[in-house]
Amino acid sequence: MLALSGGLRRWATWTRKSFLLRIEDAAAGPGRRAGCRRRTTSLPTGCPMHHFPLEPDRATMADMGGLVLGRVIDRTEKLSTRPASPIALPILIRRWPRTSKWSASWAKSSPCWSPMTPFQGLGMYPSSLSASLGLPWPFVGREKELGAFDATVRISGMRGVLMLGPAGVGKSRLARECWDRAVDAGWSGARMKASAAAASVPLGAFAHLLPSGVDLSDPPAVFRAATSSFRPGGGRRFLLLIDDVHLLDATSAMLVSQLLDAASVFLVATARDHVPAPDAVAAIDRADGLLRINVPPLDSTATETVLSAVLGGVVERRTVIALQEAGEGNPLFLRELVIGAVEQGDLISEDHVWRLTGPVAATACLTQEIQTRVSVLPSACLRLVELLSLVGPVGVGELEAPDDEALETLERTGFIRVQMVDRRIMVELAHPLYAEVVRRRIPVLRQRRILSRHIERVLAFGARRQSDVLRIATWQISAGLPADPGLLVHAAGLARHGHDYHQVLGLLDAVPDGHQTIDTRLLRGEALYQLGRYEQAERTLAHAYAVAVSDEERTAVTIERTQNLCWGTCDLPKALAVNLEARTRTGDVALRAALGVNEGAMRVLAGMPDQGLQQLEDIGDAADDRVRLYGLGMKVLGLATVGRTAEAVELGQRVHEEHLRASEHIVIQHHSAALSALALAHAASGDLQSARATAERGHQAAVGAGAKQPGVWLAWGLARTHWLAGRPADARRWYAESLALARSEPVPIILRLAASGLAAASAVLGDEAGARNALDGFDSYPRFPFLSGEDRLGEAWILASQGLVQPAQEVLLEAADQARAMGYVTSEMLLLTEAARLGAADRVHARLRVLAAQSDGRFAAVRSSFATALATQDAVALDQVVEELRETGAFLLAAEAAAAAAHGHARKGDGRRAARAATVSASLRAHCQGACSPGLAGAAGAEPLTARQREIALLASRGVQSQEIAKHLVLSVRTVDNHLQHIYRKLGITRRSQLPSALDLLHPGRPS
């Protein structure tokens, strides 16, 4: 490390990399370079290097965001510097391009500016990926705060913005983004960062901004000098950014207050909340006209955006939520957790989807930070923290002689959370990582003693709550203590109710063999099935069926066993045979009815939806609630697949509501499974917006509850909905997640559908290699009848992307025949529509008309109209179809229909209608995320407006008259009018009043 005192040395080295850094004085050097801004930082005389921001701590680097310091230069190149003030060192820095890639080998040889990543030289980056994670992360999720800043700077009476938040939340990054926006808009200003080191010298943070020779001991002179320096001109105030304003020395804080009172500056400042500050600093916070913005943590959407950007691919939603919750939305924590997880191999990319392979773990740095905080706790606080790390949330009444002072200390310092839950005051550690780190430091025998004493206290307290049984059993197993078998089985049932199947198995494993019953075997079989261990589940349930002694026991086992055979091993024939045997064997009417419902549900999946619906027609009250709700959910799927979409939507909404109510008193599959069926029904009806919203809501609920199978199906449902809507990039994202999850969980029943969809979406986006890769191993996936034919989409679109349109048509027609043979009407319509898109409309429109007559919902009718209009080359009919498709949300189909209409009008010599249709097609393509299809590639494109025509069109659309336009652009009025005529022709309109709507079509979302 280097120490700077009395002046600037001509050599500066960063010992960890032995790189030289160029440091330039504000009064000298190259000044403002392309892409560079002059930033400054203060340095007290004699300050050692570790106080100097060239090597900031992690919190500083996280807040720095897109800023990088210095430049990597050749080892033999001497620094070009001039003597600097002993108080301040201006540093020339720049914003590193967010999309750039960086590697150590390139940086060592490059003569251009390079970033100093926050963890270089710490031995943390074994790969180029790890190195790229150290680059500045994207700035996302702060639109509301940026909008508040933009509004504030326009109000003359406002004096500034103060951004408050905990360390690492991103307040400094937000402040710099605001500062940059203002500077880009023409403001003048300066930036400074307060620090404890700078505060040791009066006005240390300000020194570099004041003219040389100012007597710092004369406050009036300092104020006059500052006012003189902060005089930008142009009618605007000087923009002053102060990072960590709470660390200012009293003299600097007083100067800021004076500048605010005199309206000499507009202040943009950051401060940590809940941090005591001197009175002079607190006076800034109390200043009038200062907008206070509490910077919140990142939400899950922003977290997903930033993770996808830095990892360079799709991030599984469950992983996003786990990281977001572990980091509590704090960008600094998130960054640390991601880097640690990548290095430890816990965050991996499988099938081009990033996912965590285990729970989020504390990194070495976070562990050290937590251990440091724990080590200074008083003994009473430490005992409480150790207890909470082992037992989780507890009621205050369960604590042994609770020390109120210790509780208050831990709550005040952020170690614990205290909240009221069901009229009970509960205490828990504030963060799961605290528990992980603290548990590691407690010796095994001490853990056993702590748990034993706590179990005794809870039992003495009464163990009156249902959850107490599960907690006590879990603690007994963790401590290696003997547990009552009945208590363990009871606890396993409670864990099952919470869908925690790992805990179910853990509790059942502790039950002695002599206490295993048909109930424990059934419970184990269900848990194995839910965890994707299908072969083990089949062996367990087959054994349970063999030892069952009553019809009730055999029926219960059969229903669970057939679920596993159907959805797990994909062996539908065996599942139907097992169900038939049990149904034949029992004479109980109610039990036979339950098994009949089970058979009908399987037939819906087995390519016999009409037969299945007949068996599910009158479920009635004969079946118990669990079987009845399962049957109703499968009935929703069956109705949707045969084209009875209105019934499917109405029943699906009712089933979901009933499912939610039933979940409160019976153990049943997670309610998100009902939303999966409802989303499919909405899509079949043509309400793609509701389909997407329903699937999104269901997927979030499934991931939050750890419901794996519903989560996979809902991810696939989201992908399919995006495909139907013509958003191939979103479709590819969700097909990729559903395929990765189906492989890892595993959920083999959906593998072919997910892989084929991923291939199709990739092909439409022009990624032929990605499309082929998506079908790697495709033939090894089990064939399953449900939605038969849709698993050929990928094959067809790969052929189409290669220009082999005729073979692609044949694949789709063959796939449609498969769907027809299985009775899946909506799948057949989808596949026939795809064939029409690829030029086979004359071969499919008659069949689509028949299917539309058999089906309800607007999607069936508009698909038929689309194919018929394409087959007959009826441009007027295509214009009408465009509007109908737009209303359903099928933007790519609508764009292709509009393109075909443009062709049709052009063939008839109707240039204006052709231009209008081409313009509509162009506007619709803006929603389609770069989709490439034969229906678009062969279409007549809209003739683009020239730059001058765009300028005139925009002015005219805002009501500006030709004379004023001519004056503004220094043109003749006649020239303007001639341009307008060309514009009308290109846009397919006839008068000036149509310009606004035409331009909106051409440029969706343009400012008015």
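A crossing of two helices is left-handed if the near helix is turned anticlockwise from the far one by less than a right angle, and right-handed if clockwise. In this structure, α26 passes α27 in a left-handed crossing.

The model is a predicted one, in which local features need pLDDT of at least 70 and side-chain atom pairs count only at pLDDT 80 or more, while totals for chains, interfaces and linings use all residues. Numbering starts from 1 along each chain as its sequence is written, and side-chain values use heavy atoms, leaving out hydrogens and water.

Let's stay with the helix pair. Helices (H or I, at least four residues) and strands (E, at least two) are DSSP runs, numbered from the N terminus. The axes of α26 and α27 are 8 Å apart, at an angle of about 155°; axes are lines fitted to C-alpha atoms, for helices over the stretch in contact, and angles run from 0 to 180 degrees between N-to-C directions. The two helices are therefore roughly antiparallel, a term for angles over 145 degrees.

| Helix | Residues |
|---|---|
| α26 | residues 625–641 |
| α27 | residues 645–662 |

Contact means heavy atoms within 4.5 Å. Among the residues of α26 that meet α27 are L629, L632 and V636, and the α27 side includes L651 and V655.

Now to the sheet. Its 5 strands form an open sheet in the order β7-β8-β9-β6-β10, with parallel pairing; strands pair if DSSP finds at least two bridges between them. At the edges lie β7 (189–193) and β10 (290–294), each pairing on one side only. From one strand to the next, the twist averages 15°. Strand β6 (residues 160–165) is joined to β10 by 5 bridges, and L162 has R292 in β10 as its bridge partner.

Notes
Angles under 35 degrees count as roughly parallel, over 145 as roughly antiparallel, 65 to 115 as roughly perpendicular and the rest as oblique.
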